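I opened the notebook today to look up a few things in this structure. Here are my entries, in the order I made them.

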Amino acid sequence: MEEYSDEITSPLIIPEVEDEDTLTSSSKTDINNLQDDDVEENSPIKQVALTVSTTDDPALPVLTFRMWVLGSLSCALLSFLNQFFWYRTEPLTITAISAQIAVVPLGQLMAARITDRVFFKGSRYEFTLNPGPFNVKEHVLITIFANSGAGSVYAIHVVTVVKVFYGKQITFFVSLIVVITTQVLGFGWAGIFRRYLVEPAAMWWPANLVQVSLFRALHEKEDRAKGGLTRTQFFLIAFICSFAYYVFPGYLFQMLISLSWICWIFPKSILAQQLGSGLYGLGIGTLGLDWSTISSYLGSPLASPWFATANVAVGYVLVMYVLTPVTYWLNVYKAKNFPIYSDDLFTESGQEYNITSIIDSNFHLDTAAYEQEGPLYLSTFFAMTYGVGFAALSATVVHVALFHGREIWEQSKSSFKDNKMDIHTRLMSKYNQVPEWWFWCILAANIALTIFACEYYNDQLQLPWWGVILACVIAIFFTLPIGIITAITNQAPGLNIITEYIIGYIYPGYPVANMCFKVYGYISMTQAVTFLQDFKLGHYMKIPPRTMFMAQVVGTLIASFVYLGTAWWLMETIPDICDSSSSSTTVWTCPTDHVFYDASVIWGLIGPRKIFGDEGTYGLINWWFLGGAVAPLIVWLAHRAFPNQEWIKLINMPVLIGATGMMPPATAVNYTTWIVVGFLSGYVVYRYRPDLWQRHNYVLSGALDAGLAFMGVLLYLCLGLENVSLDWWGNDLDGCPYASCPTASGIMVEGCPLVS
């Protein structure tokens, strides 16, 4: 990062000191700490220095009765709501920020009303239900619980695909073992890599700054400048506006989700609608005036540093507007027989592939039936996303080795020595750390339980014991490079493709084994990154590490039970759930589960050899592995040749190449609007009005999330449950009915004109 002189070396808001009687003990401690020499230091990362306080009050109570009650309730409620909305056509994700806001008045009410009587006074078991005012550290731990409920439980996809898409049996008990082991396994990897991904100041985890800003806005007193707003006032105004506005894209005028105006001008043109559709095409000129459209897949653009947003933008443009149209209109892999953008699976004639016809009674691939049905084809964009995934994987390893290899080596050598710590690490050193053997015990117990489940219930899970070991090896290998990139750029390259590829070659014809291998190899790594991000949030907010660890474990277990219970209930009670056929009227179409199911067919049932290998159609896509490995090397050589050009080092090839990793199910409009908002926030406002960015950027992000979530829930409870809807042209989501049509001559698809 470049040098700067406008660091903030004290809290953003300092209480007035004229009337000392009105100050809390926390405020007095903070003010005293401001006079300490350590406060002269700050993070070398400018965004962190502008946002995170450099003081701490170790006397604040943390493990309180209200923390356990509100934390558990937040975790359970968010787990239920997120899984409930996850199966819907337009899935709504309710973030932890909603709970972060909602618990403030509840915590203050409990502090005011619950007795402060001390039980078992004078004994070792002494405790009180009310230790004093509701404080920020309690609030952080409640939010950690909420984070467990706000993050999706990936293993639910396995259960859904087996029960609903394949129509096979998997028991609740086996499902629970898979869910818990995949969620908790990540603790092991997180514990191993803490010293690399939490303690160094360079690992700054941009997304955490949104929550840090909100904590400070909710807990620190601030004097309003003349003609201005305090951060709390700004938050409330933005929250109310977001809450009120979402009634339009959420119910009254749903076309705001994707304003594909090119389709309105050319209502009969397949080409124009392929170019202009924000949901089913390239999304040229498309704009979404809806915060859920902007933030649903890539996260808040306000939390993304500009260099990362720029990398995503360049990668998106290259894949979406260069590679995809060129390969489509050159008819590579018979591309014109299929839609330009689709996650469906096709026969050569452009019809949807009949998957059930190639599965035998033992839930394996029926080779004879597959030969009769013919090879499986993908849409142009779907095929390209796998190539991009291959390249992003190899680019991640090479990039981290070239740009961070020396740092990793030095950190490894100094991990047992006294090395220089930044101000936040020094403040955290006052607390007892979590012993590494705790993580190793969790890791060993989880692996043992997973191997037992896969062997004893092999008829349901299909994965042999050696598959579990191999998945763990892959996860521990990739956790560090993926964690470094996420901690610096707020973008996480996916690992799912390599896990599917490896087990698909070694153990083809077993779709459930492929899915289980993916969740153990990929999701345990993803969970590790999530835990590390939470550790960093606790690091910024000075939460005792052992307390943090306890909240994460309990929150993860609560979320696992509630997510699975909710999903099981929905699958058992909703008719035609996950039916996305044109004749279906259900809103429970499960878009992300469809993508997961397609992947299980491609990599598990049929196997990569018959699609990407010597027996398949898409063998040339394997060359993307080499391209991805070479790309960071070019950037590294350019940086060595021109060391004074700082912008070269900001080219992050894993992020650039893997920019479209969320597509599908993400669509073009999700990306175009995310990039525009990210540019306005991360470049325009940050560069030309840094004072506004510092005070309001992350607070605005939290307010938009919260307003959307509360109105989304309200709309569903008041109108969705009763199936009350408006049928008018403003609720035609995209208005591009021909965007999904093929353009090859003679291909007949229902609802599409025949091209001669």
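Entry 1, cavities. I searched on a 1 Å grid over the protein atoms alone, where a cavity is a set of points where a 1.4 Å probe fits but cannot get out, and lining residues have an atom within 4 Å of a point. I joined grid points across faces, edges and corners, and took a volume as the space filled by probe spheres set on the points.

This is a predicted model, in which local features need pLDDT of at least 70 and side-chain atom pairs count only at pLDDT 80 or more, while totals for chains, interfaces and linings use all residues. Residues are numbered from 1 along each chain as its sequence is written, and side-chain values use heavy atoms, with hydrogens and water left out.

I found 3 cavities of 30 Å³ or more. The second largest cavity holds about 50 Å³ of space. Its lining includes Thr327, Tyr333, Leu378, Met384 and Tyr618. Helix α17 (residues 380-414) gives the most to that lining, with 3 residues; I took helices (H or I, at least four residues) and strands (E, at least two) as DSSP runs, numbered from the N terminus.

I looked up the peptide bond between Met663 and Pro664 and found it cis, with omega about -25°. Pro664 lies in the loop between α28 (653-657) and α29 (668-688). Trp205 has a positive phi, near 50°, and sits in the loop between α8 (194-197) and α9 (208-219). Asn331 also has a positive phi, near 60°, in the loop between α15 (306-329) and β3 (345-346). Most residues other than glycine have a negative phi, and most peptide bonds are trans.

Is Trp205 buried or exposed? I noted Trp205 as buried, at a relative accessible area of 1%, and Asn331 as partly exposed, at 34% (buried is under 20% relative accessible area, exposed over 50%, partly exposed in between, with a 1.4 Å probe and protein chains only).

Entry 3, disulfides. How many disulfides does the whole structure have? My search gave 3, each a pair of cysteine sulfur atoms within 2.5 Å. Cys263 is joined to Cys736, S to S 2.0 Å. Cys263 lies in helix α12 (residues 261-265) and Cys736 in the segment after α30 (690-720), so this pair ties together parts 473 residues apart in sequence. Cys578 and Cys590 are bonded with their sulfur atoms 2.0 Å apart, and the link is left-handed at -80° about the S-S bond. Cys741 and Cys752 are bonded at 2.1 Å.

Definitions and conventions:
1 Å grid on protein atoms, 1.4 Å probe; cavity = no way out; pocket = protein on both sides within 12 Å on 5 of 7 lines; lining within 4 Å.
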